[in-house]
Amino acid sequence: MSDQHTPPVGDEDSDRPRFTDKRRIDPETYAVREQPTPAATPDDAPTGESVPDDASSLVDAEPAAEGDLATAQTQAAERLEDLQRLQAEYVNYRRRVDRDRQVSRDKAVSDVIESLFGVLDDIELARQHGELAEGPFASIAEKLETSLGRFGWERFGAVGEAFDPNVHEALMHSHSGDVSEPTVVQVLQPGHRVGERVVRAARVAVAEPES
């Protein structure tokens, strides 16, 4: 008997190296073999992109972004409304300031005109009597009236005008068949206005139609 031990057949096959035939062409049939598709792994993701552990976070992010956009739009609308209100208040303020400035200016000019009533009335009387046809006094009177006219002053009241209680003060009344409505027939003292403001009404004699 021999003491040499014969290894089992199965153990001899396990010790032999194994080779995998990866050739694309079968050497016997010359047909193209089908290549197995490797399973995708997280390492196969494109460079710079991460695969989230919980894909539900992407779904939750969209409603949150929509909510932030709605909030931003609401705040923008409120800011726009505030700006429009401030602009309207500023425009009204400017109008009020301009109006008050004009009123103050007209009041100052009116005060000056009131202090010159006597001088202006004398100038008008002298003109009616032909005393301002020529001479240095005529030049002075003309320059004074021109200077006042630059500030909006004007003299008004003329014979033949329809009587208007807003601008006329009737000191004398009479009746005449030559008029069809109350009419100014004589100007006793002319009126004075600054812009649209009547500083003194024209003092006149009025003729009314005969009944």
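Visitor: Which residues is A202 in contact with, leaving aside its neighbours within four places in sequence?
Guide: In this predicted model, A202 is in contact with F156, G157, V167, H168, E169, Q189, P190 and G191, once neighbours within four places in sequence are left aside. A202 itself has its place in strand β6, which covers residues 202-209.

Visitor: Why does A202 count as buried?
Guide: The word buried is kept for residues under 20% relative accessible area, and A202 has a relative accessibility of 0%, so A202 counts as buried. The C-alpha atoms of A202 and L171 are separated by 9.9 Å, although these two residues are 31 residues apart along the chain.

Visitor: What makes E208 partly exposed?
Guide: Partly exposed is the class between buried, under 20%, and exposed, over 50%; E208 has 29% relative accessibility and therefore counts as partly exposed. E208 also lies in strand β6, and it touches H173, S174, H175, S176, V179 and P182, not counting residues up to four places away in sequence.

Visitor: Why is D164 called partly exposed?
Guide: The reasoning uses the limits of 20% and 50%: D164 has 29% relative accessibility, and so D164 counts as partly exposed. D164 lies in the loop between β1 (153-156) and β2 (168-176), and its C-alpha atom is separated by 9.2 Å from that of V184, which is 20 residues apart from D164 along the chain.

Visitor: How do you know that D121 counts as buried?
Guide: The limit for buried is under 20%, and D121, at 12% relative accessibility, therefore counts as buried. D121 lies in helix α3, where F117, L120, I123, E124 and A126 are among the other buried residues. Not counting residues up to four places away in sequence, D121 touches Q189, P190, H192 and R200.

Visitor: How do you know that the reach of α3 is close to the expected one?
Guide: Helix α3 (residues 117-128) has 12 residues, and at 1.5 Å a residue a span of 16 Å is expected, while the helix reaches 17 Å from its first C-alpha to its last, which is close to that value. Just after α3, G130 takes a positive phi of about 75 degrees.

Visitor: Why are α3 and α4 called oblique to each other?
Guide: Two packed helices are described by the angle between their axes and the distance between the axes. Helix α3 packs with helix α4 (residues 136-149) at an angle of about 130 degrees, and their axes are 11 Å apart. Roughly perpendicular covers 65 to 115 degrees and roughly antiparallel begins over 145, so α3 and α4 are oblique to each other. Their crossing is left-handed.

Visitor: Which residues of α3 and α4 meet, and what are they by class?
Guide: From α3, V119, L120, I123 and R127 meet F137, A141, L144, E145 and L148 in α4. By class, this contact of α3 with α4 has 7 nonpolar residues, no polar residues and 2 charged residues.

Visitor: What elements does the protein chain have, and how do they run from the N terminus on?
Guide: The protein chain has 4 helices and 6 strands, and from the N terminus on its elements run α-α-α-α-β-β-β-β-β-β. Buried residues make up 18% of the 211 residues in the protein chain.

Definitions and conventions: Residues numbered from 1 in each chain as written. Predicted model: local features only at pLDDT ≥ 70, side-chain atom pairs only at ≥ 80, totals over all residues. Heavy atoms only, no water. Helix = DSSP H or I, 4+ residues; strand = E, 2+ residues; numbered from the N terminus. Expected span 1.5 Å × (residues − 1). Buried < 20%, exposed > 50% of the residue type's maximum accessible area, 1.4 Å probe, protein only. Axes fitted to C-alpha atoms, helices over the stretch in contact; angles between N-to-C directions. Parallel < 35°, antiparallel > 145°, perpendicular 65-115°, else oblique. Left-handed = near helix turned anticlockwise from the far one by under 90°. Contact = heavy atoms within 4.5 Å. Nonpolar A, V, L, I, M, F, W, Y, C, P; charged D, E, K, R; others polar.
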